[in-house]
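Please look over the sequence and the 3D view before reading on.

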Amino acid sequence: MTRATTRTTWAALALLLAGCPSPSASRRSVPPPAPPELSAAPALPPSTRLPDGVTVIHLPSHTPRLFAVTLLVPVGPLDEPAGLEGITELTLAGAGLATARDPGHAQGPYHRALELGGRLEPYRDGSIAGWRISGPIASRGALLRLLRDLVAAPTFPSTRVQALAEMLREEREQTPSHFRARGLAWAVGLALDRDRPLGLDAPDHTLARLNREDLARHHRRVFRPERAVAVSEGVPADVIAQALRDWRPPPPYPREAAPCVRPHSPPNARPRPGQAELGVIQGWLAAPDREAGLFVALAVPGGGDPLRPALDALLLERRALDGGAGLEVAVVDRGDQAAFVLFTDDLAPPLAAAVDRWLAQASRPQGPLRGDLGARLRRAGALIADHDPSLRAVAVAKRALGLWRPTRREPRDDERAEVLRILNDPDRRVRVVLGDDRYARALERWGPVTPLTRRVDLCTE
Amino acid sequence: MPLFIALSLLVGHAPSAMASPEPTSERELARGLTVVTSAVAGAQTVAVTLELALGLDAEGEGSWGMTALALAALRDGPTQHLRAGEAVALGARAGLITRTALHRDRVAITLIGPADALPTALWLTAERLAPAPLGARRLARLHDALLASPDHAPSPPPPPLQHTLANLFGPLAGHSAWASHQRARAASRGLGSPTPGVDAPPREPDRDLTALAAMVADALPRASARVVIAASPAHLPAGDDLERVFGASPPRDGGPPARRDPSLDADWQAIRPARVAARHDVDSRRLVAVAWDHRGVARKLGIPAAREEALRRVLAVLLVDRGGVLYSPLVEGYGVARGIEVHIEPAPPALIVIATARGRSPVAARQRLLEALAPLAERGPPESAFLGAREVAHAELEARWATTEGRADLISAWHSADAPGPIDTYRRDLAEALLDVRPRDLLAWASHGLSPERQVVVELTPTGVPEQERVALDADTLTDYLRLLVDLRCPAPGRTVDLVALLDRKYGLTPERYVALTRVIAREPERMRELNHEAEQRCLEYRRLRELVPAARVVDLHRAITCDAGRAGDEARRERARDAVFRAYDLDPSVYRPLIAMAREDLDLAPALEAIDAECAPPHTSPRPAPSGP
């Protein structure tokens, strides 16, 4: 056989193999496209400071004939008075009932917005709260004045506030899952070194004592122009300044000289309820059997902390790799602080084995955080959130307030090591078990367990 | 051509802008495979949706759950070059997020992520078009993984919505996404990996699951497919690129046909009941669901599809917005409801309104809901609210059309609803109609679309919830419980209480129900204390009354007052006769009514008293006060 014939035969064989791969060879023969390079995070959009103190951030509008303004202030459960947990949510809902400039009783802010072709949406999470108003450019002035009325002149009509509280109380009674929300609130509160729950929803004791004065006081305390960030889509700063010109900083509320916030104890300063020898705090919240579950929580870097992107990357990576199955894992932001929370309703003995397994897996050297997967997912999440105009505005406002860090790069080794060290520090953990007293007894194998009351001591003013 | 050559060409190819002036174009690349591309100006993300015509409508007896299993296989099943479960992780590595959806006519997988991840998204989509065979056991595990993944599993519609849709458009047995999931899960029960540490051998797949797995394996490669790609013009692949990626796909002959009886569409009024009882597994006592079937309304009125969709979108805003026509009359203040959901279903078209009632009965909430909606079909909507809602609906459409994910969703929905003409033309017509429709248009449409003939009230009966959670502590229940406490605490002299018989004969309660009721009340110590106090007071009063008139004389007294004195000719004479009776019994007249009320609680005396009432009470008066409420 000549050399030319040999070459031809090999070429034909190669072509044959390339075109008709064998079953075993074909399984790995075609690689998927290489993942794209990570790009740098975009710069913060331009901003303007209005004379009254409001910071205006300008975003491009998706559609030229529409505008939107999202006005937010940094407020969350950490700013709520003890005994009035959840009042931020109620303040938003109460302000939406009526303002001093509504043309009639039946024409509240939402009705006014709809008649102007606009939409009014409240927003709140654990760090930030406010309203977004959007609509056609033609109604811009009237809709912005409506936004001003919400932040400057809500009336909190007493009867309707009571009706709102009554409705929420009824809803609470009829929603069995509120026990879990309560357990989460306690786990976060204890992890952040507060001896009270830090949830978003108002618990029973808040609803029971609620009145319009409480709402008005909280509103005046937190909705102040110098604290506010307005994210504008399609509205120049001078137009916003003109609409908000009547929003003057309210004088300090007479009873606000000593805000009703119980000072929290510094870490390890004194024994905490249920504190075990190892430093683990354990609590028990009585709940129906079907709601039984265990929260394990610990304080982690807040949204603006340089370590936070590495923590987010770890969570996203784990979720992508295990398909989200297994434990429910979340980072709960409360202002500039945050708690890492794991929840399991698998309470078969040994209790919390699933949680321990999860944390042990997270700390393996070859475990998560070994590549740039988390960073990629974080970037994708941010891009997709940009689709939602509300989320985009909130993200920009949080970034301006230092409550969110938009890093897209891969976590460095030292950042990974520090995150894993935090997650695996047993002294920082809080355990809150829901269910009947059997689960409380099961938790006692680690140390004393304190029943978490549903009512905290009211603030002494 | 081997796939890697196609990909290298695609990756190396400079992204080409769309040549067509319209942003959306459609190509049939192979028999049974259509690719729709749509350019979203300025988009930083891409959305690639793969749809297979393998929806819930294809299910029937023997194949319930097939769609959910097919979705699991599509998302996580092995392909020509990927092992099971690899596709989602591979997408994640490129920054792609995978979402799934179950529809009546299709299952869908959408990949969303940064624009530069488009080659990976297309590669994964092409892979999923060529699934590898899958065993029943593996399929069951993939389905469990799909259900357990909160980020990726399709959210189940709320139970009232499921049942309403099932009742409107298909058999009630389980024509809903979640029911399909549940059936697939039931079929795969016991097939998971054995518990760690336990040496029990894994069970063999049962016959149902094996059959379902075979159906999925047969249907997945055959079901006709549509790929919708939404990206910025700079990233959108050109026709040649698409041909290289998807062109080698084998023909897809369509898969299993839909089993939904098309005659339902033509003759729906004849077979659809106006009121159905449905069951679901959460407490639904307070949910009020009312639906309107909108099939054929546009045809009847002779209005274009885009104009009808515009009207339905404006109606949705009017109903769901807090400043709209429902929120204020139903929810604000001490309203009859505490929440409203509005669903506008595109295909088949329907409007479903679900309210969460307050108070003791959903009947009042349903009535109020219908009263609030009636003016739309009688007088039309308030003009100012309508014009505002029109703007809001238009803005919402524009906002969704401006994002890649929203664009892909809209295109899929319009394809599913057989929107006439090219997609861009339809979208333009819809946008124009949204700015053009008037209140009188909605009045004309609503007079048909919201007519009682098209209305379905879905009544839900909760099942699978603990007995004690079904107890509603309304006024009637608490009154009955108080009477029961009194019966138990101060029975008639010389009488022993047979609790089971008492519960059954007097209150229609089972012992289990009584225990559940007691538990629920005992959760509220304050209420229990009040009830005990009230029962104690009533017992004291009963003892006093029994001392005044023995039980044996109460029937005689009632006969004397009702029959003898009551037969007197006029009121003055009746009054004198009654006074005479009271004197004869040495009784103060004010004691008479409490005495008879007490006697009516006695199961032995009550029949005799009722017989006297029936015999002697004037025909225009009721012997006992009518129970309040519906």
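## A salt bridge with a buried end

Glu415(A) and Arg412(A) form a salt bridge, with their closest N and O atoms 3.4 Å apart. A salt bridge here is a side-chain nitrogen of Lys or Arg within 4 Å of a carboxyl oxygen of Asp or Glu. Glu415(A) is buried, at a relative accessible area of 6%. Arg412(A) is partly exposed, at 43% relative accessibility. Buried means under 20% relative accessible area, exposed over 50%, and partly exposed in between (1.4 Å probe, protein chains only).

## What is being shown

This is a predicted model; local features need pLDDT of at least 70, side-chain atom pairs count only at pLDDT 80 or more, and totals for chains, interfaces and linings use all residues. Residues are numbered from 1 along each chain as its sequence is written, chains are lettered from A and ligands numbered from 1 in the order in which they are written, and side-chain values use heavy atoms, with hydrogens and water left out.

## Chain A overall

Chain A has 461 residues, and 54% of them count as buried. Its secondary structure comes to 16 helices and 12 strands. Helices (H or I, at least four residues) and strands (E, at least two) are DSSP runs, numbered from the N terminus.

Take the contacts in chain A between residues at least 6 apart in sequence: 81% of them join residues at least 24 apart. Contact means heavy atoms within 4.5 Å. The chain exposes about 19800 Å², and carbon and sulfur atoms supply 56% of that area. Accessible areas come from the Shrake-Rupley method with a 1.4 Å probe; for residues, only the protein chains shown count as cover.

## An enclosed helix and a buried serine

Helix α13 of chain A covers residues 373-385. Its 13 residues reach 18 Å from first C-alpha to last, close to the 18 Å expected at 1.5 Å a residue. The expected span is 1.5 Å times one less than the number of residues. How many residues of α13(A) are buried? The count is 10 of the 13, so α13(A) is largely enclosed by the rest of the structure. Among them are Leu373(A), Leu377(A), Leu383(A) and Ile384(A). Arg376(A), Arg378(A) and Arg379(A) are buried too.

Ser134(A) sits in strand β5 of chain A, residues 128-136. Ser134(A) is buried, at 17% relative accessible area. Leaving aside neighbours within four places in sequence, Ser134(A) is in contact with Phe67(A), Ala68(A), Gly118(A), Arg119(A), Glu121(A) and Leu143(A).

Over all chains, the count comes to 58 salt bridges. One of them joins the side chains of Glu166(A) and Arg169(A), at 2.8 Å from N to O. Both residues lie in helix α6 of chain A (residues 158-174), three residues apart, and are separated by about one helical turn. An α-helix has 3.6 residues a turn, so residues three or four places apart point the same way. Glu166(A) is partly exposed at 31% relative accessibility. Arg169(A) is also partly exposed, at 24%.

Salt bridges also link up into a network. It holds Arg101(A), Asp102(A), Arg112(A), Arg148(A), Asp149(A) and Asp246(A).

## Chain B overall

Chain B has 630 residues, with 51% buried. Its secondary structure comes to 27 helices and 11 strands. Of its contacts with a separation of 6 or more, 77% are between residues 24 or more positions apart. Chain B exposes about 27600 Å², with 53% supplied by carbon and sulfur atoms.

Helix α20 of chain B runs over residues 475-489. Its 15 residues reach 21 Å from first C-alpha to last, close to the 21 Å expected. Its buried residues include Leu478(B), Tyr481(B), Leu485(B) and Asp487(B). The buried residues of α20(B) pack against α21 (499-507), α22 (511-522) and α23 (525-548) of chain B.

Which residue forms a salt bridge with Arg483(B)? The partner is Glu601(B), with the closest N and O atoms 3.0 Å apart. This pair links distant parts of the chain, 118 residues apart: Arg483(B) is in helix α20, and Glu601(B) is in the loop between α26 (589-600) and α27 (606-616) of chain B. Glu601(B) counts as buried, at 18% relative accessibility.
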